[in-house]
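I opened this entry to keep track of what I looked up, one item at a time.

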Amino acid sequence: MIMWQRSKFNLVATAVFAILFGLWTALLPTALDELWQVPVPPARGTLGQIGAAIAVISLPLVLYPLLLVASVWASRRQLTSVSAALVLSVALSFGASTLLKELIGRERPTSVWDFLITHQGPGYPAPHMVAATTVAIMFATLTTTAGRRRGTIRIWQIAGATLVALFAANLLLMRAHHITDVVGGILLGGLVASVANLLTGVHAVRLRRPTEGGGRAAIIYNPTKVVDQTVFKGLIEGRLAENGWGPPIWLSTTVDDPGRGMAEQALEAEVDLVLVAGGDGTVRVVCGALANSEVTMAILPSGTGNLLAGNLKIPFDTERALDVALRGKMTTIDILRVNDSRRDVQYAAVMCGVGADAAVLNDTNEELKNQIGVAAYVIAGLNHVKARPFHARVTMDDDEPLVRDASLVMVGNVSDLQAGLTLMPAASASDGVLDVLIASPKNQVELTQMVSAVLAQSKEPATMDRRTGERVRIQLRDEELYELDGDVIGKTTDLTFEVLPAALRVKVPH
């Protein structure tokens with residue numbers, strides 16, 4: 001596996017914080033508590049009022065929501081690993097500090113401010129410091145993951161350390177905690193933040209590594225699928241520079257050109273790597289344009305479908321997908337060349353569906369698909385249970401044609417239509433053949449049997465035909481909708497598919 005598996009820095013940080021917190025808690029050098037001799041500010045004084053306000057701001061119930069908001073922010077930008085780390089850090093921090101406070105049950109020092117809610121309950125470890133330290137580390141981690149410049153990251157780190165120091169001094173000033181409580185809180189906060197980063201494979205610090213002599217990359221991206229282009233571009237440019245690559249070429253798709261012209265520009269520039277960020281439509285068009293070239297492509301999944309990325313096991317997390325692009329292994333996959341009697345030659349990398357599949361995609365609500373995934377297709381499919389079968393003549397290579405009154409004809413290059421929905425178990429993007437599925441249920445009972453067989457991967461009924469071939473022709477008596485890689489193209493009566501073996505170089509995980 002590649003680098004997201006574990007960070008050495010996180011491993012060391014977790015071990016160091018665990019040892020220090022364990023020793024500090026076991027020994028608890030209370031003699032240090034006598035070193036703080038600063039007088040408590042009077043209740044009616046300005047300093048006391050400022051201290052009380054800071055005590056409220058440093059409440060865990062104020063700080064933890066900041067991490068949850070940051071998690072939503074990261075998730076929308078497809079930084080899903082750091083988003084998970086932020087949520088996990090809240091759970092670990094709150095849970096560990098609450099549990100240890102009750103188990104240890106150490107009393108707080110006497111203070112004229114003990115009426116404040118922030119000064120109540122057991123004192124060790126100081127929950128304010130656990131929360132503050134966790135927030136400081138996790139926000140520094142977020143800026144690192146989001147590809148901010150080193151100067152910006154340093155500012156966040158300094159700001160976080162300053163905030164921790166301010167909250168610590170204020171807790172001591174207001175006699176809310178002993179010195180040992182504060183130190184224990186800082187160590188526990190560092191521990192839980194390190195554990196959260198370690199478990200999710202997030203890098204709190206990105207160590208410089210020797211440049212690997214990369215080349216030049218072009219990034220073809222669909223601006224409607226990239227939520228935050230500033231973060232997106234900063235992340236990519238930062239990672240490319242870290243790995244010895246030159247400044248990239250940025251190529252944005254348009255309504256009129258979903259990617260072909262941009263891919264041609266990349267080829268003319270003789271780049272070494274083309275990164276594609278967009279939905280299935282953008283990826284499909286770029287795949288076709290790069291077919292049979294010497295340029296390697298990498299996918300940075302965006303949008304909703306990402307069918308090819310899912311089948312190639314490319315992570316949907318942008319940072320991890322970028323790691324695959326830069327340090328994954330290069331492989332080759334087959335591409336489908338599609339000849340439509342009514343349109344120009346097209347290409348596909350996943351599969352084509354004629355009939356019910358295209359109708360379902362045409363009817364699927366995009367917002368619903370974002371929320372519930374595969375179930376959205378099932379809901380849309382209910383409208384086509386009683387759809388009129390169409391007359392299809394399907395010819396594989398030079399074999400005798402199969403003539404069916406079908407509800408669906410699919411030509412596939414990979415196995416999965418969506419995660420959890422495997423239509424062609426034997427299909428492979430590198431076997432040099434196309435897999436064909438013809439579904440011909442005559443009634444609702446047969447349809448139910450067929451769907452159950454597909455979902456359970458059990459013995460299939462006679463209403464399903466499976467074939468393989470290097471060339472497939474579908475002839476239709478009447479016009480029918482068809483889709484390519486999840487994009488509904490339109491209606492046709494005659495389609496021919498040819499496999500282009502090992503036509504595309506692409507980066508995949510090790």
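**Entry 1: α3 and α4.** I looked up helix α3 (residues 60-76) and found that α3 and α4 pack at an angle of about 160 degrees, with their axes 7 Å apart. I kept in mind that this is a predicted model. I noted both values because two packed helices are described by the angle between their axes and the distance between the axes. Angles over 145 degrees count as roughly antiparallel, and α3 and α4 are therefore roughly antiparallel to each other. I also wrote down that the crossing of α3 and α4 is left-handed.

Next I listed who makes the contact. From α3 I have Tyr 64, Leu 67, Leu 68, Ala 70, Ser 71, Ala 74 and Ser 75. On the α4 side the residues include Val 82, Leu 86, Val 90 and Phe 94. I sorted the residues of this contact of α3 with α4 and got 10 nonpolar, 6 polar and no charged.

**Entry 2: α4 and α7.** I turned to the pairing of helix α4 (residues 80-104) with helix α7 (residues 179-200). Their angle is about 145 degrees and their axes are 8 Å apart. The crossing of α4 and α7 is right-handed. For α4, I noted Ser 81, Ala 84, Ala 85, Leu 88 and Leu 92 among the contact residues. For α7, the contact residues are Leu 188, Val 192, Val 195, Ala 196, Asn 197, Leu 199 and Thr 200. The contact of α4 with α7 divides into 11 nonpolar, 6 polar and no charged residues.

**Entry 3: Asn 10.** Is Asn 10 buried or exposed? I found Asn 10 in helix α1 (residues 8-27). Its relative accessible area is 2%, and buried means under 20%, so Asn 10 is buried. Leaving aside neighbours within four places in sequence, I listed its contacts as Ser 194, Asn 197, Leu 198, Val 202, His 203 and Ala 204.

**Entry 4: Arg 76.** I looked up Arg 76 and placed it in helix α3. Exposed means over 50% relative accessible area, so Arg 76, at 54%, counts as exposed. I then checked Arg 76 against Asp 228: they are 152 residues apart in sequence and 8.6 Å apart in space, C-alpha to C-alpha.

**Entry 5: α9 and α10.** In helix α9 (residues 260-268), I marked Gly 261, Met 262, Ala 263 and Ala 266 as buried. What do the buried residues of α9 pack against? I found β1 (217-221), β2 (249-252), β3 (273-278) and α10 (280-290). Glu 270 follows α9 and has a positive phi, near 55 degrees.

For α10, I found that 11 of its 11 residues are buried, so α10 is largely enclosed by the rest of the structure. The buried residues of α10 include Asp 280 and Arg 284 as well as Val 283, Val 285 and Val 286. Asn 292 follows α10, and its phi is positive, near 65 degrees.

**Entry 6: the whole chain.** I ended with the totals. The protein chain has 16 helices and 16 strands. Of its 510 residues, 55% are buried. I took the contacts between residues at least 6 apart in sequence, and 74% of them join residues at least 24 apart. The chain exposes about 22,600 Å², and carbon and sulfur atoms supply 58% of that area.

Conventions
Residues numbered from 1 in each chain as written. Predicted model: local features only at pLDDT ≥ 70, side-chain atom pairs only at ≥ 80, totals over all residues. Heavy atoms only, no water. Helix = DSSP H or I, 4+ residues; strand = E, 2+ residues; numbered from the N terminus. Buried < 20%, exposed > 50% of the residue type's maximum accessible area, 1.4 Å probe, protein only. Contact = heavy atoms within 4.5 Å. Areas by Shrake-Rupley, 256 points an atom, 1.4 Å probe, with all protein chains shown as cover. Axes fitted to C-alpha atoms, helices over the stretch in contact; angles between N-to-C directions. Left-handed = near helix turned anticlockwise from the far one by under 90°. Nonpolar A, V, L, I, M, F, W, Y, C, P; charged D, E, K, R; others polar. Parallel < 35°, antiparallel > 145°, perpendicular 65-115°, else oblique.
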